Amino acid sequence: EETMRILTIMFVAALCVTAVSQLQADERTFGDGTLPDFLAIYDTDGDGVLSEEERQAMHEARKDKREEWIAQWDTDGDGVLSEEEKAAAQAALREKMEEKRAERFNEADTNDDGFLSLEEFLAIPAIARLAEERPDAPAMIFDRLDADDDDAISLEEFTSHLRRRRPP
């Protein structure tokens, strides 16, 4: 369910032009008063604030990127993604995520046995950060991923939830 939510968020983000350009400049800074990296690239004069011209340029760049993304999946060229085209885009995103996850799995499998032990799992940076916030959560996730209860997570178990279909 979480993976589908992430896929949906990624898909919507790729299709929608962000409302960031509508925010006031003081709302687009981190706590230390600096622009986030994704906005700083549009701060062409380097003053730490997006001027109206810089916001407009950002808006146009994001619009162009959205149109390019749609064109990539718009196989019939009508400018609108049909349900089939959306499904193809989601499948491609899911496949890319699965490839990335396999890479992360292989990096975490430090003894190259094709399985993640709890220790290897806990060494994954995101899991280690989660453990700091919620110490019991990583073991619960490990247990949920370990579908065959053999105290090890295979690549199949690690990526299986990405392939599960859930009702909308």
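Trainee: Where in the chain does aspartate 146 lie, and is its side chain buried or exposed?
Mentor: This is a predicted model, so confidence needs a look as well, and we will come to that. Aspartate 146 sits in the loop that runs between α7 (137-145) and β2 (153-154). The cut-off for buried is under 20% relative accessible area. Aspartate 146 therefore counts as buried, at 3%.

Trainee: Which backbone atom lies 3.2 Å from a polar atom of the aspartate 146 side chain?
Mentor: Beyond four places in sequence, aspartate 146 is in contact with Asp151, Ala152, Ile153 and Glu157. The atom you ask about belongs to aspartate 150. At 3.2 Å from a polar atom of the aspartate 146 side chain is the backbone nitrogen of aspartate 150.

Trainee: What is the phi of aspartate 149, and where is that residue found?
Mentor: Aspartate 149 is found in the loop between α7 and β2. Its relative accessibility is 62%, so aspartate 149 counts as exposed. Most residues other than glycine have a negative phi. Aspartate 149 is not a glycine, yet its phi is positive, at about 55°.

Trainee: Where is aspartate 112, and what is its phi?
Mentor: Aspartate 112 is placed in the loop between α4 and β1. With 63% relative accessibility, aspartate 112 counts as exposed. Its phi is positive in a residue other than glycine, near 55°.

Trainee: How many salt bridges does the whole structure have?
Mentor: Side chains of opposite charge can pair when their charged atoms come close. Another joins glutamate 83 and lysine 86. A search of the whole structure puts the number at two.

Trainee: How far apart are the closest N and O atoms of glutamate 83 and lysine 86?
Mentor: Glutamate 83 and lysine 86 are three residues apart in helix α4, which means a separation of about one helical turn. Glutamate 83 counts as exposed, at 58% relative accessibility, and lysine 86 as partly exposed, at 27%. The closest N and O atoms in this salt bridge are apart by 3.7 Å.

Trainee: What separates the C-alpha atoms of aspartate 74 and lysine 86?
Mentor: Aspartate 74 has its place in the loop between α3 (52-73) and α4 (83-108). It is buried, with a relative accessible area of 11%, and its contacts beyond four places in sequence are Gly79, Val80, Leu81 and Glu85. Aspartate 74 and lysine 86 are twelve residues apart along the chain, and their C-alpha atoms are separated by 8.7 Å.

Trainee: Which word describes how α6 and α7 are oriented to each other?
Mentor: Ile127, Leu130 and Ala131 in α6 meet Ala137, Pro138 and Ile141 in α7. The axes of α6 (residues 125-133) and α7 come within 8 Å and cross at roughly 130°. An angle over 145 degrees would count as roughly antiparallel, and 65 to 115 as roughly perpendicular. The two helices are therefore oblique.

Trainee: Which backbone atom lies 3.4 Å from a polar atom of the serine 160 side chain?
Mentor: Serine 160 lies in helix α8 (residues 155-163). It is buried, with a relative accessible area of 18%. The atom at 3.4 Å from its side chain is the backbone oxygen of glutamate 157.

Trainee: Where in the chain is confidence lowest, and where is it highest?
Mentor: The chain averages a pLDDT of 81, with 76% of the residues scoring at least 70. Over residues 15-29, pLDDT stays under 50. By element, the lowest mean is 55, in helix α1 (residues 2-15), and the highest is 96, in strand β1 (residues 115-116).

Definitions and conventions: Residues are numbered from 1 along each chain as its sequence is written. This is a predicted model: local features need pLDDT of at least 70, side-chain atom pairs count only at pLDDT 80 or more; totals for chains, interfaces and linings use all residues. Side-chain values use heavy atoms; hydrogens and water are left out. pLDDT is the predictor's confidence in each residue, from 0 to 100. Helices (H or I, at least four residues) and strands (E, at least two) are DSSP runs, numbered from the N terminus. Contact means heavy atoms within 4.5 Å. Buried means under 20% relative accessible area, exposed over 50%, partly exposed in between (1.4 Å probe, protein chains only). A polar contact is a pair of N or O atoms within 3.5 Å; within protein, one must be able to donate a hydrogen and the other to accept it, and residues adjacent in sequence count only if both atoms are side-chain atoms. A salt bridge is a side-chain nitrogen of Lys or Arg within 4 Å of a carboxyl oxygen of Asp or Glu. Axes are lines fitted to C-alpha atoms, for helices over the stretch in contact, and angles run from 0 to 180 degrees between N-to-C directions. Angles under 35 degrees count as roughly parallel, over 145 as roughly antiparallel, 65 to 115 as roughly perpendicular and the rest as oblique.
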